Amino acid sequence: MQMKLPRGTRDILPGEVEKWHYVERVFQSICERFQYEEIRTPIFEHTELFQRGVGDTTDIVSKEMYTFQDKKNRSLTLRPEGTASVVRAFVEHKLFGQVNQPVKLYYTGPMFRYERPQGARQRQFTQMGLEALGSNDPAIDAEIISLAMSFYKELGLQNIELVINSLGDKESRLKHKDALVAHFEPQIDEFCADCQVRLHKNPLRILDCKVDHAHPLIATAPSILEFLNEESTAYFAKVKTYLDALGIAYTVDPTLVRGLDYYNHTTFEIMSTAEGFGAKSTLCGGGRYHGLVQEFDGPETPGVGFGLGVERLFAALDVEGIELPVARELDCYVITATETAEVKAVAIVNELRLNGFSVEKDYMARKMKGQLKDADRKNARFTMILGDTELESGTCKLKNMKTGEQTEINLAAVVAGLQAAREQIEGENK
């Protein structure tokens, strides 16, 4: 029986995985420049974590989670998103007691949601994200937006747009909730069963419904911006002021609510506007949340963060025709001309590798011509041919594969010889 991938998953093979490495390095680099530190959390957590943290009215919790019982009948869930796990770790390890505040963390890793696979949306997907916990300053909202926008720009994306909104504080949201209930209740039977349940639990979720998004009442629903109190209005104004100061263009969209229950004040999404990307163009989403730390029995602590899908990022790069600079280059390919040179070649290859060089040799018993072709396929900078003559003289020719120039090096000092040759190339390329 031939074994195949589970639906909604994929293999990332050599030739492609280098692009993932590159993207991960860029994300790590920019997070560290912004003074965010990496955190790694388990792939599965207690199910209650996501029920409490993400919200039982969300599609994620009600429909999409991969939940199972372990051998002691404990309910566990493969993580569907990153924020709840990071906040759980923040509380469990008492990071709120650290001297350095706010606590600024970033993460990357696989997430899992049971939904219909399509395009870049898979059941196992990779998410990068960050959380800043402990600050009420709207400047840090602008900071994380700037980080996300800078990340996409550094990868070369040009057709991206930032959309922002405010969900206000608790007081503002309660007034908005009452207005939404009054707006939808007379015709709620025209909506899907999920929205009918959401009406009194969390009517804001109706605005984010995938089934009823075209219903006329969605377009005419009261805007949260009409219900912002003075404090919430001032907060949103400061966020916009900081974005203006950073030179980051944005569009205010009063219907932007995001899909998780823990958001308040700032919410945002970064979209791809590239032609051919498709209707679902969101690359990154996030915002501010108050109350999530307390939900996990921690002290009152504000937070703000975002998550971005790596698969959707690659889709955007493909649509814009952006090639990432990931060509692999081999420092040296050691070629053996005789069987007696094999032992020496193995030793030289190992010595060079242990001294920081990328080195390869033939393991398929190819003739010299075949080895040279293999070196060319692997984009080797240099080749080194070892035979009986070289073993007797204790020297060999190191050939620059681009120019054809040859340099004689001592076999007893191959590290120094290859280092000098590489430095010469690098000096010429400056």
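Modeller: First, a term: two strands pair if DSSP finds at least two bridges between them. Strands (E, at least two residues) and helices (H or I, at least four) are DSSP runs, numbered from the N terminus. This is a predicted model: local features need pLDDT of at least 70, side-chain atom pairs count only at pLDDT 80 or more, and totals for chains, interfaces and linings use all residues. Residues are numbered from 1 along each chain as its sequence is written, and side-chain values use heavy atoms, leaving out hydrogens and water.

Colleague: What order do the eight strands of the open sheet take?
Modeller: The order is β1-β5-β6-β11-β10-β9-β7-β8, with mixed pairing. The edge strands are β1 (37–38) and β8 (251–252), and each pairs on one side only.

Colleague: Do tell: in which sense do β7 and β8 pair, parallel or antiparallel?
Modeller: Parallel, over two bridges. Ile-164 has Val-252 in β8 as its bridge partner.

Colleague: New topic. At what angle do α5 and α9 pack?
Modeller: About 45°, with the axes of α5 (residues 138–154) and α9 (residues 230–245) 8 Å apart. Axes are lines fitted to C-alpha atoms, for helices over the stretch in contact, and angles run from 0 to 180 degrees between N-to-C directions.

Colleague: Which residues of α5 and α9 meet?
Modeller: Pro-138, Ala-139, Asp-141, Ala-142 and Ile-145 in α5 meet Tyr-235, Lys-238, Val-239, Tyr-242 and Leu-243 in α9. Contact means heavy atoms within 4.5 Å.

Colleague: And how far apart are the C-alpha centres of domain 1 and domain 2?
Modeller: They lie 48 Å apart. Domain 1 is 16–169 + 229–320 and domain 2 is 330–423. Those bounds come from an automatic or database domain assignment.
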